[in-house]
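Here is a short note to read beside the model. Keep the structure open and check each point as you go.

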Amino acid sequence: MGTVHATERFGEVDALRGAAVLMMIVYHTLFDLDFLGVLDLDMGSPVIWFTGRLTAFLFIFLVGVSLSLSHSRRGVTSRRHYIIRGLKIFLWGMVITAATWIYPHNGFIAFGVLHFIGLAVILTHSLAGRRTAALALSAVAITVGVLMSGLRVETPLLMWLGIRPHNLYTLDYFPLFPWLGVVLLGIFTGDTLYQGYRRRFGLRAWSPSLLQLIGRNSLKVYLVHQPVIVGIIWVAMYLTS
């Protein structure tokens, strides 16, 4: 079992997050090629759909793992730290809302992954270090999400919970239920595998890698990757027209 100093990071966690980032870039590239009419792709095909869901699961699961690691590294930390952290991520989500309202507008993102992660950090950080409660509430959140998945209402005001309005169309949608359950599952996993900020399983030390670098800067990559992808596609379309 490896010991990591409180100022160090677990390379495998950063690398897994980096892999999720690369999977996200591939998925969004396919989506943009289809959305812009460059290729005629079936985004609902099993392989593409599974890639998108797996990518989302990894990102959100690692939010919980990171909360667990932060708790075990910092010890008792004021709620203020996590509230500020969550609000910053949520506000970046609002920037995405504004940007997608301008373009492409149709399907603009009202409650996407950054909105969700911001609220999830605020709502779940106090469960870090309480793995039994986290696991139990994870099952509850996922069950509630499944039960609510078929509900449809006239108002969009409840969509952040997972209760959708009729004919909802959005480019990104991650409601609290069931996805809060994935964060809590990540907290349970982090508390189990990295209790006391120590690796509780055998693994050789990680040398610095590109995946780790990407994983440590996942928010920055998330914020810039779509404009870069769309820009490249537009330039390619112009040059080949």
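Is Tyr197 buried or exposed? The first point takes this up.

1. **Tyr197.** This is a predicted model, so treat each value as computed. Tyr197 counts as buried, because its relative accessibility is 5% and the cut-off for buried is under 20%. Find Tyr197 in the loop between α6 and α7 (210-216). Look at its backbone too. Its phi is positive, near 55 degrees, and Tyr197 is not a glycine. Most residues other than glycine have a negative phi.

2. **Asn167.** Here is another positive phi. Asn167 has a value of about 55 degrees, although it is not a glycine. Asn167 sits in the loop between β2 (164-165) and α6. Its relative accessible area is 78%, so Asn167 is exposed, the cut-off being over 50%.

3. **Cis peptide bonds.** Most peptide bonds are trans. The bond from Tyr103 to Pro104 is cis, with omega near 5 degrees. Pro104 lies in the loop between α3 and α4 (113-124). The bond from Phe177 to Pro178 is also cis, with omega near 15 degrees. Pro178 belongs to helix α6, which covers residues 176-193.

4. **A nonpolar surface patch.** Which residues form it? They are Phe35, Val38, Leu39, Trp101, Ile102, Tyr103, Tyr169, Trp234 and Met237. Together they have about 930 Å² of accessible area. Two elements, α3 (79-102) and α8 (218-240), each give two or more residues to the patch.

5. **Element order.** How many helices and strands does the chain have? There are eight helices and two strands. From the N terminus, the order is α-α-α-α-α-β-β-α-α-α.

6. **Overall shape.** The chain has 241 residues and a radius of gyration of 19 Å. A compact globule with that number of residues would have a value near 18 Å, so the chain agrees with one. Along its principal axes, the C-alpha trace spans about 55 × 45 × 35 Å.

7. **Packing and surface.** Of the 241 residues, 40% count as buried. Take the contacts with a separation of 6 or more: 75% of them join residues 24 or more positions apart. The accessible surface of the chain comes to about 13300 Å². Carbon and sulfur atoms account for 68% of that surface.

Notes. Residues numbered from 1 in each chain as written. Predicted model: local features only at pLDDT ≥ 70, side-chain atom pairs only at ≥ 80, totals over all residues. Heavy atoms only, no water. Patch = residues over 30% accessible without salt bridge, like charges linked within 9 Å, V, L, I, M, F, W, Y side chains within 5 Å. Areas by Shrake-Rupley, 256 points an atom, 1.4 Å probe, with all protein chains shown as cover. Salt bridge = Lys/Arg side-chain N within 4 Å of Asp/Glu carboxyl O. Helix = DSSP H or I, 4+ residues; strand = E, 2+ residues; numbered from the N terminus. Buried < 20%, exposed > 50% of the residue type's maximum accessible area, 1.4 Å probe, protein only. Rg over C-alpha atoms; globule rule 2.2 N^0.38 Å. Contact = heavy atoms within 4.5 Å.
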